[in-house]
Amino acid sequence: MIHIDKDECTGCAGCIDLCPTITLTLREDKSWYKEPPCKSACRDACPIHMNVPGYIYYAKQGDYKKAYEVLRETNPLPAICGRVCYHPCEDACNRGCIDQPLAIASLKRFIADQNNGGTLEVPQIAKNGKRVAVVGSGPAGLTAAHDLALSGYDVTVFEALKEPGGMLRYAIPEYRLPKEVLKKEIKYIENLGVQIKTGAKVGEQIRLEELTKSYDAVFIAAGANKDVKLGIPSEQTPGVVYALDLLRDVNAGKKVELGKSVVIIGGGNSAIDAARVSRRLGSKVTIIYRRSRAEMPAYAAEVEAAEKEGVEIVFLAAPTKIVAANGKVSKVECTKMKLGSADASGRPAPMPIAGSEFTVDADTMIPAIGQAPDRELLTGMGLKLSPKERLLVNENSMNTSVKGIFAGGDVVTGPLSVVEAMASGRKAACSIDNYLKGESLAGCEAEKKVPEKLNEEEIAALKKRFPSRNRGAMPELPSDKRIKDFKEVEQGFSVEQAREESERCMTTCLVKGEKMGKKYDLVVVGAGPAGLMAAKVAGENGLSVALLERKANITQIYRVDGGALSPMNEYTFGQTMTFSPEAKRIGFPVLGFSIRYDGPYNNIYGFDVWSPNGKHRVTFGNREEQKKDPKRRRTAVALDKGLILKALLEDAQKAGVDIFPAMQAIGVEKKKDSVVVVTEDGEKFEGLFAIAADGVNSRIVRSMGLNKDRKFLATNRAYEWGFEDLDLPHVEGITFIFTGYGLFSVINEAEKRHYHVGIMSYNTKDDLKGKLNKFVFEDPFYSQWFKGAKKTWTRTCVVNMLSPIKEPFKDNVLLCGDAAWILEFSNCAALISGWKAANAVTLAIIDGKINKEGVQSYLDFWNKVFYEPCGQVEFKAIEIHEFLNADDLDYLVSLAKEPIPATLDFFKLINTIGSTYAELFPRISEERPDVFAKLMAMADQLDEASEHSKRIGFPNL
């Protein structure tokens, strides 16, 4: 049991992950709570989601055995990862906002080095009698073998080379990963009962078909162990040695002579490894890389180490041919390059500069431009390949096109990092376990969380609380000495260094306090606009309120549709929303309330719809006329939703609302005169009423069975990128672009020159990312808008659209916002819904009517405003580009010559467009009867209820 001392507690929430019994006690009044100082972004950034705060805590305490046990809960190769992982956890570390990120990888290595994995006691494993074959003993194969063995399977690993480890053994030089470290890690996996057969190449000595007959499942993790050729003249000249061949020979202990001068082609990790190995073999080394340093894919620390060791790097150059003398390589002819527009990789494409040729002396040239899988193995048994000639798998389950065969690691993705390969091996092991149990393969995909960043306010507070401390420097051999042999360069932390570095972690206090056992008037679930508004208003009305939110950072925006910024139409609800930058208020004059907003804003004067060829556009809103009276004639105002949430949160806190971030509510329990909200962690919050405002896929609504009578309408998927400085021809309105492959939107953000660019589809098979990539980088006309733009973020959204709930109340739980509606509300409607719900609950408690009768005013409001006009409407999802091709759309958009009145009210907009084009129908029928027929076919898809939706609008609130 962990005893929490409230005087020492910093609210880090580490106890939730680390307490073995999840039994917590507080001193004295049990009423203390603080916001966690760190978001544990390190854990979310790790591909295998290691409990970083956990093992660092025990390292701080000096309990290295326990720290190692925590390490091994998620990582079967900790000593290896501590040496060669590219540590995305450190890039995300919140400590970096104060001074420097924590040296997480170095601490991981230190902990692993204090424990011999080969002698670690193995757990008792109950065998299940089933056998699994693993092809390849690299990080993906070893991880899968480890996990499957722990699940009771008899696992045999087939390795083509003489020693196990795959590319860990033969591609990573010993000065980075000593062989003894690798042997100890593999020994523990063998101790679990895993049998490793070396010199057993599947496809030659053993056929893949034989494995499928002898084993219940097969996992292919053979890696990408073939070098990619340069494709330049004379590449077969003696003296050309490929990077993997060089690394494999050196690691195998073979004698290798390269000559005085070595030229290496490439900028990845293999190129850097080959360069540092060549220096240790006594050669002068020059790397030729066709892009600049900024685009170099190799790890920055490795590049710096190579330069310290005397490796010269020539950027913006590429080889054109090999010059031979006396039958071997003598020189490498190169040309200088310049960077052009982005290619398919998202990086600037290198282009040769005419007349810039030069030569570099070379006794050996080492191409290191990439690796590919072994085709002999891939072509067996009819396994399907991707266009890049890698094994094709289901990304969620790792199963191939052949039943019982799974694949992962570099053979699927191409060369990636060690920890990413391990993540694929873990996912495959989970799927194999499900497959052999006869269960669904779904569910093995780890939840992907975007590492949370600290905002400026949080950073300022932490800088006051945590004094700046220098990051621990890894001791290294001097560069002039280390190039003389292959001894490990990094020497590892001392005990004192490890203790000091672990103390820099902001989440290792292992204490937390909560307001436990308190009964509230109201428990609000969900801190979007509706939930925050409800909590704020109820608190200001004098109620005791608890607000639970699943996100740790309440005001952080992750999703499309109500993302960090959204247009706020002032006229959708009969002028119920106004915005005054002078008063710094968003007002709802009909209802009589307003909320604070002190941030950037952007007036929007309508929008444009562009044709696929970019030659025509329909303009909605007379910009010049509207700008004469911008406050009354603007169509919308773009505001920063994050700042709206921040103001609501601050006001809720001032009103005495107890805020519980990182608290996922999963259901409710009804008592006689109250309701209890239950969380994923087993916490319980009791209130006279609860308000569920936890979004379109509300877990509260699902747990209460309130979805069973709703109609499934469609699945709406959206994908967005944020951009700065687009070269838009018209910047004062929202832009919609029809293409032959999708409808795209460019929506103004509050910050000037900031936009989010997205695509939405009701077709669940649409490759939205691919289409957006095509639009931004490849479209003949529209890609020019993005040439000087900077991409800033990515957001996605998947919403199952259901008909609205007729009566949003059950068991003292009131539903508001998206939780009970057809699809995501506008921010305006969500705020109004939360305001109405909070006031209804307040009156119910004052009147002593703790039941449905008490909140009848809210139910009447809901029925009148939302359900009565829209509850019975049948929704029909139509993808226009599935009816009309690019030529059709060019023609239709070209017809509208005068500006059309602007509105963002969906119903009014359909009426406006319909009436405009209805007048053009005779002309369309005469000029383009084929297009007219397609329009009629589209109309046939809209049933009577959908026609009804065009005629109605929301009543004035």
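Contact is taken to mean heavy atoms within 4.5 Å. The model is predicted, so that local features need pLDDT of at least 70 and side-chain atom pairs count only at pLDDT 80 or more, while totals for chains, interfaces and linings use all residues. Residues are numbered from 1 along each chain as its sequence is written, and side-chain values use heavy atoms, with hydrogens and water left out.

The chain has 957 residues, of which 54% count as buried (under 20% relative accessible area with a 1.4 Å probe and protein chains only; exposed is over 50% and partly exposed lies in between). It contains 33 helices and 38 strands, which are DSSP runs numbered from the N terminus (helices H or I, at least four residues; strands E, at least two). Among contacts between residues at least 6 apart in sequence, 72% join residues at least 24 apart.

Helix 7 is largely enclosed by the rest of the structure, because nine of its ten residues are buried. These are I104, A105, S106, L107, K108, R109, F110, I111 and A112. The cover over the buried residues of helix 7 includes helix 2, helix 3, helix 4, helix 5 (78-84), helix 6 (88-92) and helix 20 (495-502).

Two packed helices are described by the angle between their axes and the distance between the axes. For helix 4 (residues 64-74) and helix 7 (residues 104-113), the axes come within 9 Å and cross at roughly 115 degrees. Axes here are lines fitted to C-alpha atoms, for helices over the stretch in contact, and angles run from 0 to 180 degrees between N-to-C directions. The crossing of helix 4 and helix 7 is left-handed, that is, the near helix is turned anticlockwise from the far one by less than a right angle (clockwise for right-handed). Helix 4 contributes Y64, A67, Y68 and L71 to the contact, and helix 7 contributes K108, F110, I111 and A112. By class, the residues of this contact are seven nonpolar, no polar and one charged (Ala, Val, Leu, Ile, Met, Phe, Trp, Tyr, Cys and Pro count as nonpolar, Asp, Glu, Lys and Arg as charged, and the others, Gly among them, as polar).

Cavities and pockets were located on a 1 Å grid over the protein atoms alone: a cavity is a set of points where a 1.4 Å probe fits but cannot get out, a pocket is an open set with protein on both sides within 12 Å along at least five of seven lines, and lining residues have an atom within 4 Å of a point. Grid points are joined across faces, edges and corners, and a volume is the space filled by probe spheres set on the points.

There are three cavities of 30 Å³ or more. The largest cavity has a volume of about 100 Å³. It is lined by 14 residues, with C38, C42, C93, C505 and T507 closest to its centre. The second largest cavity, of about 50 Å³, has K108 and V419 among its lining residues. Its lining divides into nine nonpolar, one polar and one charged residues.

The second largest pocket has a volume of about 810 Å³. Of its 30 lining residues, H87, A301, E302, E476 and E490 lie nearest its centre. Helix 14 provides the largest share of this lining, six residues. The lining comprises twelve nonpolar, four polar and 14 charged residues. E302 lies in helix 14 and is buried, with a relative accessible area of 14%. Not counting residues up to four places away in sequence, E302 touches R176, I272, D273 and R276.
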